[in-house]
Amino acid sequence: MGYKKATHVLPQHLLQAIQEYVDGEYLYIPRKEENRKQWGEVAPCRAQRAARNREMVACRNAGWTVPQLAERYFLSEKAVYKILARCGQADRAG
């Protein structure tokens with residue numbers, strides 16, 4: 001989120017009307033609903049997490065146990081089970 005100087009983007013009459021409510025304070029103006037971005041759409045976090053999860057499923061298919069995956073990816077076993085379930089990986093013993 002970047003800041004813009006109101007005097008550069010708002011007409012004078014609108015600026016004066018806003019100053020009646022908020023004078024010299026910061027004001028957040030939310031995006032229109034149709035312009036909102038989903039979590040991870042701008043930053044690479046979502047893509048990185050998806051790649052990690054695909055790698056985790058591949059390791060599981062190669063015979064890694066859930067405790068091994070938890071240790072490798074610094075996650076709890078419960079978190080590993082959730083990721084595997086979400087990715088459609090059937091639970092295997094171990």
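What percentage of the 94 residues of the protein count as buried? I looked this up at the outset and found 16%, where buried means under 20% relative accessible area, exposed over 50% and partly exposed in between (1.4 Å probe, protein chains only).

I note that this is a predicted model, in which local features need pLDDT of at least 70, side-chain atom pairs count only at pLDDT 80 or more, and totals for chains, interfaces and linings use all residues. Residues are numbered from 1 along each chain as its sequence is written, and side-chain values use heavy atoms, with hydrogens and water left out.

Overall form

I recorded 5 helices and 0 strands, helices being DSSP runs of H or I with at least four residues and strands runs of E with at least two, numbered from the N terminus. The order of elements from the N terminus is α-α-α-α-α.

I then checked the dimensions. The radius of gyration, taken over C-alpha atoms, is 24 Å, whereas a compact globule of 94 residues would have one near 12 Å; the globule rule is 2.2 Å times the number of residues to the power 0.38. Along the principal axes, the C-alpha atoms fill a box of roughly 70 × 20 × 15 Å.

For contacts (heavy atoms within 4.5 Å), I considered pairs at least 6 apart in sequence, and 38% of these join residues at least 24 apart.

Leaving aside residues up to four places away in sequence, Ile83 touches Arg52, Asn53, Met56 and Leu75.

Which loop holds Tyr28? I placed Tyr28 between helix H2 (12–19) and H3. Tyr28 counts as exposed because its relative accessibility is 55%. Its C-alpha atom is separated by 9.4 Å from that of Tyr3, 25 residues apart along the chain.

Is Phe74 buried or exposed? I found 76% relative accessibility, so Phe74 counts as exposed. Phe74 sits in the loop between H4 and H5. Its phi is near 55 degrees, a positive value in a residue other than glycine.
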